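User: I am new to this structure and want to know what stands behind the terms used for it. Please take me through them one by one.

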Amino acid sequence: MTDFPKFVEFREEGPREGFQIESKIYPIEQRIELIDMLSDTGLKRIQVGSFVSPRYVPQMADTGELFQRIKRKPGVKYTSLWLNEKGFRKALTAHEVDIDPRLLFYPSEAFAQANNNCSSAEMRERQREWVRLYKEAGYTVDAAYVMTAFGCNLQGPIPQEQVLDDFRFVLQLCEEEDIPVPILVIADTMGWGNPEAVKRMIGALRELAPGARIGMHLHDTRGLGIANIHAALSMGVDMFESSVAGLGGCPFAGHGNARAAGNVCTEDAVFLCHETGIETGIDLDKLIAAAVKAEEIIGAPLMGRVMHSGGLDKFRKAK
């Protein structure tokens with residue numbers, strides 16, 4: 001039985017996750033142009049950059065300047081990523097950053113060490129402090145992410161029960177701190193998921209948290225990104241994080257080839273939704289133009305399909 005949503009929200013991560021994995025640091029003017037084009041597509045949330053260590057991620061060292069120079073469009077939120085309190089404080093003091101408080105969990109011990117330099121247990125306990133930190137700053141947790149939800153290049157398969165245990169911790173923490181349950185995001189950080197595994201995970205999470213909104217952060221590393229989105233849509237998921245032109249991926253995922261690490265492509269996923277009668281509020285043609293601009297900036301072919309072929313509306317009208 002399927003339960004497709006009527007409307008799907010896409011949260012764009014290309015400007016941050018896309019450029020952070022590149023060895024080259026691209027001119028800020030080019031990234032501003034891309035963000036401004038994305039602002040005009042109907043997307044309601046764009047992740048501009050991250051406040052992280054410039055030593056480890058020098059590509060994001062100018063994030064503060066990006067926030068100063070982009071052209072904001074009413075109704076669009078411009079967000080950032082941080083991994084520690086120092087980064088959060090920078091986001092709070094930067095120019096007009098839309099704060100989207102998040103919690104991060106790592107069922108993969110190896111990835112926790114690689115990405116956050118701590119154990120999975122330490123990262124879990126830190127989330128208690130994050131909730132209180134957000135409260136003190138006047139914010140409520142927006143989303144809780146469980147990374148490497150289907151498997152990890154650094155550690156191997158991740159048991160579903162281990163992933164669910166992190167989500168149980170989220171629910172318990174929300175009860176203890178008397179805060180609303182955030183969006184529960186299943187993150188296939190390294191592209192291990194397949195449609196059946198996606199449906200099993202969503203079904204199990206719905207049983208655990210029947211009233212919670214579920215989101216997905218998917219990677220198309222091994223070509224199953226769109227199939228996984230379709231599987232999630234059939235289970236009623238209505239929020240996806242994605243990257244224009246298929247930009248991005250985690251620089252600490254151990255793929256060996258950065259070009260294999262792409263996030264699921266926003267315009268391909270939007271096309272899928274529109275073709276199946278699901279509204280997104282996004283102008284596909286404008287999104288395709290932004291994807292073409294991203295490819296122009298990178299200077300190499302990117303993974304998106306629809307950006308190269310176009311949508312079907314012009315052909316339908318031609319008949």
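User: Why is Ser-243 called buried?

Analyst: Buried means under 20% relative accessible area, exposed over 50%, and partly exposed in between, with a 1.4 Å probe and protein chains only. Ser-243 has a relative accessible area of 0%, so Ser-243 is buried. This is a predicted model: local features need pLDDT of at least 70, side-chain atom pairs count only at pLDDT 80 or more, and totals for chains, interfaces and linings use all residues. Residues are numbered from 1 along each chain as its sequence is written, and side-chain values use heavy atoms, with hydrogens and water left out.

User: Where is Ser-243 found, and which residues is Ser-243 in contact with?

Analyst: Ser-243 sits in the loop between β10 and α10. Helices (H or I, at least four residues) and strands (E, at least two) are DSSP runs, numbered from the N terminus. Contact means heavy atoms within 4.5 Å. Leaving aside neighbours within four places in sequence, Ser-243 is in contact with Glu-12, Glu-13, Gly-14, Asn-263, Val-264, Cys-265 and Thr-266.

User: What makes helix α10 largely enclosed by the rest of the structure?

Analyst: Of the 10 residues of α10 (residues 266-275), 7 are buried, so the helix is largely enclosed. The buried ones are Thr-266, Glu-267, Asp-268, Ala-269, Val-270, Leu-272 and Cys-273. They pack against β1 (9-12), α9 (225-234), β10 (239-242), α11 (284-298) and α12 (306-309). Just after α10, Gly-277 takes a positive phi of about 80 degrees.

User: What is a nonpolar core, and which residues touch the most other members of the largest one?

Analyst: A nonpolar core is a set of buried Ala, Val, Leu, Ile, Met, Phe, Trp, Tyr and Cys residues joined through side-chain atoms within 4.5 Å. The largest one has 102 residues, of which Phe-10, Leu-34, Leu-103, Ile-186, Met-216 and Phe-240 touch the most other members. Helix α11 gives the largest share of this core, 8 residues.

User: Why is the pair of Trp-82 and Phe-88 called tilted?

Analyst: Rings of Phe, Tyr and Trp (its six-membered ring) pair if their centres lie within 6.5 Å; planes under 30 degrees apart count as stacked, over 60 as edge-to-face and the rest as tilted. By this rule there are 9 aromatic pairs. The rings of Trp-82 and Phe-88 have centres 5.2 Å apart and planes at 50 degrees, so the pair is tilted. Both Trp-82 and Phe-88 are buried.

User: What makes the pair of Phe-105 and Phe-169 edge-to-face?

Analyst: Their ring centres are 5.9 Å apart and their planes stand at 65 degrees, so Phe-105 and Phe-169 form an edge-to-face pair. The pair links distant parts of the chain, with Phe-105 in strand β4 and Phe-169 in helix α7 (residues 160-177), 64 residues apart.

User: How do you know that Phe-105 and Phe-169 are buried?

Analyst: Phe-105 has a relative accessible area of 0%, so Phe-105 is buried. Phe-169 is at 6% relative accessibility, so Phe-169 counts as buried too.

User: Which residues do ring pairs link into a cluster?

Analyst: Ring pairs join Trp-82, Phe-88, Trp-130 and Tyr-134 into a cluster.
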